[in-house]
Amino acid sequence: MKELETLKKLPSWKKRSGPVLFVVMDGVGYGKYKEGDAVANAVMETFAELSKSSPLVSLKAHGLAVGLPSDDDMGNSEVGHNAFGAGRIFAQGAKLVNQSLEDGTLFTGNAWKQAIATEGTLHFIGLLSDGGVHSNIAHLRAMLTQAKKDGVKRVRVHALLDGRDVPATSALEYFEPFEQFLADLNADGTFDAKIASGGGRMHMTMDRYNADWPMVERGWRAHVLGEGRQFSSAVEAIKTLRDETQALDQDIPAFVIAENAKPIGTIEDGDAVILFNYRGDRALEITAAFESGSEFAHFDRVRVPKVFYAGMMEYDGDLHVPKNYLVSPPSIDRTLAEHLCKLGLKQFSISETQKFGHITYFFNGNKSGKFDENLETYVEIKSDNVPFEQRPAMKCAEITDELLKVIDSKEYDLIKVNFPNGDMVGHTGSYQAAVCSMEAMDLNIGRLKKAIEAVGGIMILTADHGNADEMYEHKKDGSVQMENGKPKAKTSHTLNPVPFLIYDPQYQGEYALQLKEGLGISSIASTLLNLLGYEAPSYYDASIIQLK
Ligand SMILES: O=C(O)[C@@H](CO)OP(=O)(O)O
Ligand SMILES: [Mn+2]
Ligand SMILES: [Mn+2]
């Protein structure tokens with residue numbers, strides 16, 4: 001553990017009478033196209049008014065600026081909140097797995113050795129796309145190739161459709177070549193690798209933050225027990241289920257691949273299972289289903305095979321979950337929360353279920369624990385369990401009700417909130433719902449603005465990456481991509497920059513109103529420390545404000 005620097009008070013800072021309120025408008029970027037930009041096209045009176053009257057700059061929130069392999073990688077909540085909370089950039093999961101495959105260390109580690117040494121079948125479970133947020137199909141291909149070299153005989157893949165980090169109905173672009181890839185590996189008769197089960201990532205397996213355990217149960221039943229509607233191949237399953245349900249890839253129902261009515265890849269005692277997703281939030285629940293003993297109470301697992309289980313990464317650095325993993329995660333240390341605790345400052349963090357772990361666990365460097373129970377308070381507002389295009393306001397009003405009490409109490413120095421609206425509704429691909437969602441959030445930001453003004457605090461408005469700012473797919477020439485006479489829905493995050501705005505009604509002239517240009521969201525931690533009246537540690541990225 002590296003020592004924390006002791007942070008000095010800024011000599012010329014006039015302490016504000018209220019708290020610093022840090023508002024993450026999840027998935028709210030600055031779009032580059034007029035059509036389908038639910039942020040720019042929504043009526044957001046408070047945001048528009050503040051944008052005119054307050055210091056404002058745009059920040060980078062994707063690619064290299066958040067520790068991803070390249071600037072073609074869109075931002076996401078994990079890397080975004082890690083950057084907020086760590087104050088600097090760490091090479092992230094996507095990059096670390098790439099490196100460990102390139103230099104071969106993934107295959108020399110203990111977890112891999114144990115997985116390939118298993119007597120039974122080697123199973124891979126995960127998201128089959130190159131979205132790069134939770135997983136990468138290239139990693140799976142590399143592991144399958146190596147497994148064959150290492151003498152593994154039988155492999156089964158449990159493949160989830162994405163359509164959330166890649167185009168909404170692109171699954172066959174991944175599954176068709178992947179089935180061919182497996183056929184090529186199998187061709188010499190020494191290796192037997194097949195897709196055994198699958199379905200949409202928002203239908204099964206990849207729930208997060210205990211929002212919807214039945215999702216995980218649906219995954220367990222298909223992957224482990226081999227229960228579910230049978231097909232002869234994944235491609236056949238996807239085509240049929242898409243025709244029947246019209247569902248987007250992320251919502252495609254579960255399927256099981258069978259031969260002579262017998263599932264080809266149930267998970268049995270003596271098998272090995274690798275969850276090839278590297279990101280933790282949506283990996284923790286299915287991991288718990290495999291690793292927990294009889295205390296597991298979320299659903300009836302029916303049968304719990306005794307397997308060697310490994311994750312692509314360690315998903316929780318505090319609880320050390322899972323027990324075995326292939327690649328070490330970034331060791332994110334000396335976070336903002338840790339510094340604030342050392343200074344004795346009190347923090348309050350709130351969101352609804354869907355993003356609760358973002359503002360706590362991701363913000364604290366993928367650690368679920370607190371640094372100091374007395375100084376940190378976490379509040380979760382329960383999310384609705386519905387498709388969010390049906391409830392586009394989500395819980396922004398309820399979160400705000402709670403925040404108003406907390407702001408008035410004057411008990412906290414830093415209050416952090418994540419409003420999931422732009423992101424969760426953005427992922428549905430419904431432009432109208434996203435506009436509605438932005439307007440609901442803005443109404444509540446208006447309520448917060450009044451409260452901050454009344455107590456003399458500071459409010460920061462920013463985001464972790466874009467999403468609602470592009471609800472339509474665009475062609476390379478900038479025109480809207482059409483499908484069946486309508487704009488094609490875009491469900492993924494964007495590469496766009498995000499706003500950073502400081503509303504400081506008690507401004508005393510301590511910093512220049514012109515904010516620094518060209519920075520990324522990892523500069524926010526230093527800025528928050530400054531706005532709380534402290535200097536930032538030397539190892540943090542530059543503050544966005546120029547102190548006078
Ligand atoms: O829903 C998720 O898991 C990701 C997209 O894959 O979104 P976010 O990074 O905003 O949580
Ligand atoms: Mn996000
Ligand atoms: Mn998202």
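Trainee: Hi! How many salt bridges does the structure hold?
Mentor: It holds 30 salt bridges, each being a side-chain nitrogen of Lys or Arg within 4 Å of a carboxyl oxygen of Asp or Glu. This is a predicted model, where local features need pLDDT of at least 70 and side-chain atom pairs count only at pLDDT 80 or more, while totals for chains, interfaces and linings use all residues. Residues are numbered from 1 along each chain as its sequence is written, chains are lettered from A and ligands numbered from 1 in the order written, and side-chain values use heavy atoms, without hydrogens and water.

Trainee: Which side chain meets D504 in a salt bridge?
Mentor: That's R16, at 2.9 Å from N to O.

Trainee: And which parts does the pair tie together?
Mentor: D504 is in the loop between β18 (498–503) and α16 (524–531) and R16 in the segment before β1 (20–25), so the pair ties together parts 488 residues apart in sequence. Helices (H or I, at least four residues) and strands (E, at least two) are DSSP runs, numbered from the N terminus.

Trainee: Is D504 buried or exposed?
Mentor: D504 is buried, as is R16; buried means under 20% relative accessible area, exposed over 50%, partly exposed in between (1.4 Å probe, protein chains only).

Trainee: What about K355, which residue does it form a salt bridge with?
Mentor: D423, with the closest N and O atoms 2.6 Å apart. K355 and D423 are both buried.
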